[in-house]
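Have the viewer open as you read.

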There are 2 protein chains.
Amino acid sequence: MLDLCLLGTGGMSPLPKRWLSSLLVRFQGRLMLLDCGEGTQISLKMIGWGFKEISTILLTHLHADHVAGLPGLLLTIGNSGRTDWVTLYGPQGLSRVVDGVRAIAPHLPFPLEWMELTGGDGLTLDGLEVSTLAVDHAVPCLAYALHVPRGRRFNPERARALGLPVALWSRLQAGEAVEWQGRRVQPDEVLGEARKGIKVCYATDTRPTPELPGFVHGADLLVCEGMYGSPDDLPKALGNKHMLFSEAAGIAEAGRVGELWLTHYSPSLTDPEEWLEEATRVFPNTRLGYDRMTTTLTFTDSSE
Amino acid sequence: MLDLCLLGTGGMSPLPKRWLSSLLVRFQGRLMLLDCGEGTQISLKMIGWGFKEISTILLTHLHADHVAGLPGLLLTIGNSGRTDWVTLYGPQGLSRVVDGVRAIAPHLPFPLEWMELTGGDGLTLDGLEVSTLAVDHAVPCLAYALHVPRGRRFNPERARALGLPVALWSRLQAGEAVEWQGRRVQPDEVLGEARKGIKVCYATDTRPTPELPGFVHGADLLVCEGMYGSPDDLPKALGNKHMLFSEAAGIAEAGRVGELWLTHYSPSLTDPEEWLEEATRVFPNTRLGYDRMTTTLTFTDSSE
């Protein structure tokens, strides 16, 4: 189970009710942020999920509308009583930004570490698999895919038929072979088909790229920028390396995702509703993101 | 005439409806900020006074709750089309923070300059006189007084009696002697008593100091921190170098100011109303600041 909350949905500059980019993910009690624009900590305070369990912050890129919330957020994490590591991940240049953040927030009661990532790098964070893709913006920028793998279904009838004691089941379930009455029992003997896990993707700020549909393929949810709604804004989208609603929907469609949330609207786009059809015509299951829009994703494989 | 808006009234960490410290001042079309906590640009967007005329930012000190809004604000000032200088003033250490801000917001379309001030330093900014006082916090911290001087009243009857042409009046009004029909006319001959200007003071984060009442003396408005309301929080106020409501009121009373606005509340102080009487008992004309509280100050001298 994965809880998500879109803390801010504005690009570049905030509007009074639309703050800057951040997506919060809760998995097994741990909190992870993707981007941290100004106002992130205020939005977090509003939803009340707490600060102390924030262990990981993934940054798409280092423009201020995606990172300027870091000094305040880190201090508030510190004030929440956290003493464990917090780790920042982001593209090339992250060290320089961390230096800047530390100039504004020099005293933190927890160790802060950071790692610069290159597209294609992967991480496993307490059972959550994170993969990255280099995308196409004015500065180095990464899309992220989060994947919660799901174990193969365990077949208790088969295990009983083999006479295996229940004490050995969990090891087989975890994919380990076990010895029982002089015989080596392989996991394949008691496990069924692979099952679909949960996959969430986050892609902002970028032009559509040929790799994006494959990267987001089969995601339950794609959170994707929709900087501009009107097709007339294509020249701006090309010039500023952003997407139209219809382009984000094209990626969702090509990647056969379950649902698309649009985010990172231009401040000039005061009424995203006006252009929603530009997206739904291409990918019907599109929703307009808004600040503090929340969902919970669960395993949905029909073989459950 | 001076317009003021308290953009944020929270100390340390924001609450959902109480953001971090900032006071906006508008004088003759120019905008000046005192402090710039996270969320300042959002609050500014809400009130709609614009960004392009922000020329000056005065910082009391360099804790993140007073400066973390700078990167986003500066970028939004840039996006507003400003190309003129913006100047930051603050205590010792400002250079380091500016480096941090520039790491997060490296590209600005206007020149940014900064100057470190020591208590006692004064500035004159387009007719607005700014003075500073070193106060008592955990790090170097300045209180600010803004003063709009008012010219002495011009006496047109006297000017007419001397036979002075109207074309010469404005020079006399500005304090300049003029030659007329072979005689040197001194301003004193046509100007009345000195008149009270407008004075606003801003003091946060600090313990009360012996110099503060003199520094704020006669201000029309004192905007002062009230980190804690309950007298039981005195040990915290002493330890963290902040004030109780009653202490802020004591400064207002001793300084014979016109009105006191409390600000910079602790996040633990969820209902400042509960403790207002702690202040009004000492200084009746106390008001609880809240985000986007606004006023206009005008010349009030009765000799007008």
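This is a predicted model: local features need pLDDT of at least 70, side-chain atom pairs count only at pLDDT 80 or more; totals for chains, interfaces and linings use all residues.

## The sheet in chain B

Seven strands of chain B make up an open sheet with mixed pairing, in the order S6-S5-S4-S3-S2-S1-S16. Strands here are DSSP runs of E with at least two residues, helices are runs of H or I with at least four, and both are numbered from the N terminus. Two strands pair if DSSP finds at least two bridges between them. S6 (112-116) and S16 (293-297) of chain B are the edge strands: each has a single partner strand, so one side of each is left without a neighbour in the sheet. On average, neighbouring strands of this sheet are turned by 20° against each other, direction ignored.

Residues are numbered from 1 along each chain as its sequence is written, with chains lettered from A and ligands numbered from 1 in the order in which they are written.

Strands S3 (residues 30-34) and S4 (residues 54-58) of chain B run parallel and are joined by four bridges. Leu31(B), for one, has Ile54(B) as its bridge partner in S4(B).

Helix H1 (residues 40-47) of chain B packs on the sheet, where it touches strands S1 (2-8) and S2 (22-27) of chain B. Its direction makes about 130° with that of S1(B). Angles run from 0 to 180 degrees between N-to-C directions, with axes fitted to C-alpha atoms, for helices over the stretch in contact. Helix H4 (residues 94-104) of chain B lies across S5 (86-90) and S6 of chain B, at about 155° to S6(B).

## How the two chains relate

What rotation superposes chain A on chain B? It's 180°, with 0.0 Å of shift along the axis and an RMSD of 0.1 Å (least squares on C-alpha atoms of residues with pLDDT of at least 70 in both copies). That is the relation of a two-fold axis. Gly100(A) comes closest to the axis among the residues of chain A, with its C-alpha at 1.7 Å.

## The interface

Chain A puts 29 residues in contact with 29 residues of chain B (contact: C-beta atoms, placed from the backbone, within 7 Å). Helices H1 (40-47), H2 (64-67), H3 (70-79) and H4 (94-104) of chain A each give two or more residues to that side. H4(A) gives the largest share, seven residues.

Conventions: Two residues are in contact if their C-beta atoms, placed from the backbone, lie within 7 Å.
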